[in-house]
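Here are a few packing exercises to work through with the model open. Try each one yourself before you read the solution.

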Amino acid sequence: MEICCDLEVDVNGEETFMVEKNIIASYSGRLNKLFGKSKGTTSSLKIVLHDFPGGAECFELMLKFCYSTGMTQITPTNITPLRCAAEFMEMKSSVSGTGNLMEQTEKSFEDMRYWSWSELLMVVKQCQSLLPASESSGVLERCLDSLVGRLSLTSEASPCPSTSSPDSSGVRFSCDSKSTESLKTVFSRASWWFEDLIFMSPVLVEMLAKTMVSRKFDHALLSRFLFYYHKSKLYTVSSSEKCKIVDTVVDMLYILDQSCVSCKSLFEIHRVSLNLKIAKSSRNKLEDMIGSQLDQATLDNLLVSSPHGANYLYDVNLVLRLFKAFLRGGLCQASAMRLSKVASLMDLYIAEVAPDPYLKPSKFLALIMALPESARDSYNEVYRAVDMYLEVHSGLSEEEKTKICCALKYEKLSAEICIHLSQNKKFPSKTVAQALISQQLKLKSLLHATSNTNISCPGSPCRAIEVKNATKKDKESEEQVILYAGKLDLPTDNKNLREHLQGMQWRVMELEKVCRKMQIQMAKIMKSRSPSQSHTRSLPRLCS
């Protein structure tokens, strides 16, 4: 039979094919519509197909189907390009009258569950190369759904499913493992598929992750894959592609249960992102995730160099944002232990940045006040950091020094620190006075508590008396509280009560000694000032 090639087809400008118009049109609804508008034309025609999925190679596969009267064998090797071509050319049974390419590929997809793992991966790779046609045709969605389904089955079949901490190795196992198999081997079993999916583009990884989340795939395992993907791909691509990878990984980690996301790995992504122009939304999400787990961070994690062009040594603004992110979770949700860890971390950071000669007082003060007072049981470390800062920044004005010192909570300073403060010439005299007042109030409060205990236990020989001491020389009256502790002779069955009273008495006497030393030091400071300044009648309360 003589074949008349009366149709010239230009595919994407790549290659031109001479085909028989009637044969192609008998399968393609798209060409049928086109030729229906040009009836009566006897001369050869030429058409140009733009954006044909898969280009000339895919078009040739479609031609083989048409010229073999629809008898082409459809396998995992060619099913994706054939389906995309069928969608583009509208090759339905309503056109040919028999099972057209659309119906045949659909039937082949029903056998997807029998494909091997390698065949499924091959089809996914073809889908990636044929985007967006493979997505619009629904092929990609089917393949990813099948892939996730298989991974879910293997995960459920594992004798030790991942249930745990995402840090370091990433998975903790709850099963009773009596075998000598190392955890490393167990982890490699859980993550056997990581390397197989490294070929995926950021777009495909995003679709995969969303499919996994929708199918309630293990978040800990998914987060480990995302970190693995980030680390494996980052050093083999261009800068623009790096940005896409980081943006995708961060966006997908953000939709996971944050208890399944490694804080350490988040800091690694952040370190890499510092030299990349990632999306602002992704950077905010990354900082929010780190901030929500700040109690797991270390000092080294926070010591990030300042941005290019800044004088100060470390990126203080970043740390302030991370602590704000932690507090955004709500103090009610943050346990006392987590809050205490974060406060200790901040104290270490403040001590590290205090010697920086370029750190502005406002930023240093913001670091101290970033956490609520309730987060710290003691302000001793904060005092030491302030002491270092004032030593390095000796040129600060009295007003700037006072503002910084007002961030200290004197009632949470130990007796030893208060003595050191009273002798510290770097601190303003007003601050020393405030510390003295605070210690006196603490002493009176403790005495009041001791007195109440004595009232409830009248057999105790402890007694408190107030002694008024007034001198004409100073023309100033002052109340001093002194505790005289007699020898305890409580019954042996009141041992716990006796120890409690002795402890309170010791604390009161220690505080009294501190107050005396601070008063002596304060008197020396006052004598060194002008007469108009030294003859004040009372110590001012300067900080609220």
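**Exercise 1.** Find what covers the buried residues of α15.

*Solution.* This is a predicted model, where local features need pLDDT of at least 70, side-chain atom pairs count only at pLDDT 80 or more, and totals for chains, interfaces and linings use all residues. Residues are numbered from 1 along each chain as its sequence is written, and side-chain values use heavy atoms, with hydrogens and water left out.
- Start with the buried set (under 20% relative accessible area, 1.4 Å probe, protein chains only): Ser-282, Leu-286, Glu-287, Met-289, Ile-290 and Gly-291.
- Now look for their cover: it includes α13 (239-254), α14 (263-273) and α17 (316-328).

**Exercise 2.** Work out how α15 and α17 pack.

*Solution.*
- Take the axes, lines fitted to C-alpha atoms over the stretch in contact, with angles from 0 to 180 degrees between N-to-C directions. You get about 65° and axes 7 Å apart.
- For contacts (heavy atoms within 4.5 Å), Glu-287, Asp-288, Ile-290, Gly-291 and Ser-292 of α15 meet Leu-318, Arg-321, Leu-322, Ala-325, Phe-326 and Arg-328 of α17.
- Sorted by class, that contact has 5 nonpolar, 2 polar and 4 charged residues.

**Exercise 3.** How are α13 and α14 oriented to each other?

*Solution.*
- Their packing angle is about 150°, with axes 11 Å apart.
- α13 and α14 are therefore roughly antiparallel (over 145 degrees).
- On α13, Val-246, Val-249, Val-250 and Leu-253 make the contact, with Leu-266, Ile-269 and Ser-273 on α14.
- By class, the contact of α13 with α14 has 6 nonpolar, 1 polar and no charged residues.

Key. Buried < 20%, exposed > 50% of the residue type's maximum accessible area, 1.4 Å probe, protein only. Helix = DSSP H or I, 4+ residues; strand = E, 2+ residues; numbered from the N terminus. Nonpolar A, V, L, I, M, F, W, Y, C, P; charged D, E, K, R; others polar. Parallel < 35°, antiparallel > 145°, perpendicular 65-115°, else oblique.
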